Amino acid sequence: MTTEPFLRPRPVDPLDVPARLDELRLLKDGWFEGHGSAPTATGIDWLSDRFTRTYPEDLPLPFVYPTPDGGIRLEWSLEPHDITLDIDLAKHTASLHELNLASDEDQEEKLNLDEPAGWGRLIEQIQKATEGSS
Amino acid sequence: MNSGTLLHRQVNPSWVQQGRVTSQVFKPTPKDNHRLSVYDGDQVTALQAWLH
């Protein structure tokens, strides 16, 4: 008698970014107390695809939140580093902000997420913060 | 109110993921007149603030 291999469903990481972005597709304009634009479906498609293809699997995943202007904010808490990436889904640009809670120093820079260098800069920053927080 | 007073603030459900709140909650918007509105925990409980 032969048995078929039992395929177990792969658990989704609680911070799985595409899954969280799918949740945010349900937002409607006015979601923020009557104000606030909903992120566009094309914008979410773009971000979900780029993040999946570009962000290394071995790096910590961010928390994902909508912004009232129709953008998406990614947040990493990597003590003492607090890193946020505010993404403009229409322009494919982002503002990367890093705050060191221990020293109170912070820095901000603009990224073009249509360019590999933009994602590279983000990944470099997360890698550095991960090494520093371990 | 003193340095130990809890300050309560309502949060949009979309701004909570896995029990963690976005830091945007602590950034006042033009709608807030750029001032953070909170409930005084000495006068209002967390439940009362949530129900308000």
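The legends below describe close-up views of a predicted model.

**View 1. The open sheet of chain A.**
Five strands of chain A form an open sheet in the order S1-S2-S3-S4-S5, with antiparallel pairing. S1 and S5 of chain A stand at the edges; each has a single partner strand, so one side of each lacks a neighbour in the sheet. Ignoring direction, neighbouring strands of this sheet are turned against each other by 20° on average. In a regular strand, side chains alternate between the two faces of the sheet.

**View 2**
Strand S3 of chain A covers residues 81-88 and strand S4 of chain A covers residues 93-100; the two pair in the antiparallel sense over eight bridges. A:Asp82 has A:Leu99 of S4(A) as its bridge partner. Likewise, A:Thr84 is bridged to A:His97 of S4(A). S3(A) and S4(A) form a hairpin, and four residues lie between them. In the turn, A:His92 has a positive phi of about 60°.

S4(A) and S5(A) form a hairpin with five residues between them. A:Asp104, in the turn of this hairpin, has a positive phi of about 70°.

**View 2. The contact of helices H1 and H2 in chain A.**
Helix H1 of chain A spans residues 17-24 and helix H2 of chain A spans residues 41-54. Their axes come within 10 Å and cross at roughly 175°. Because angles over 145 degrees count as roughly antiparallel, H1(A) is roughly antiparallel to H2(A). On H1(A), the contact is made by A:Val17, A:Pro18, A:Leu21 and A:Leu24. On H2(A), the contact is made by A:Ile44, A:Leu47, A:Ser48, A:Phe51 and A:Thr52. By class, the residues of this contact are seven nonpolar, two polar and no charged.

**View 3. The side of chain A that touches chain B.**
Across the interface, 16 residues of chain A are in contact with 11 residues of chain B. Strand S1 (63-66) and strand S2 (72-78) of chain A each supply at least two residues of the side of chain A that touches chain B. S1(A) gives the most to this side, with four residues. S1 is also one of the edge strands of the sheet in chain A. The side of chain A that touches chain B has 10 nonpolar, three polar and three charged residues.

**View 4. Chain B.**
Chain B contains one helix and four strands, which follow the pattern β-β-β-β-α when read along the sequence. The C-alpha atoms of chain B fill a box of roughly 30 × 25 × 20 Å along the principal axes. Of the 52 residues in chain B, 2% are buried. Among contacts in chain B with a separation of 6 or more, 60% are between residues 24 or more positions apart.

Notes:
Residues numbered from 1 in each chain as written. Chains lettered and ligands numbered in written order. Predicted model: local features only at pLDDT ≥ 70, side-chain atom pairs only at ≥ 80, totals over all residues. Contact = placed C-beta atoms within 7 Å. Nonpolar A, V, L, I, M, F, W, Y, C, P; charged D, E, K, R; others polar. Buried ≥ 20, exposed ≤ 12 C-beta atoms within 10 Å, placed from the backbone. Axes fitted to C-alpha atoms, helices over the stretch in contact; angles between N-to-C directions. Parallel < 35°, antiparallel > 145°, perpendicular 65-115°, else oblique. Pairing = 2+ DSSP bridges.
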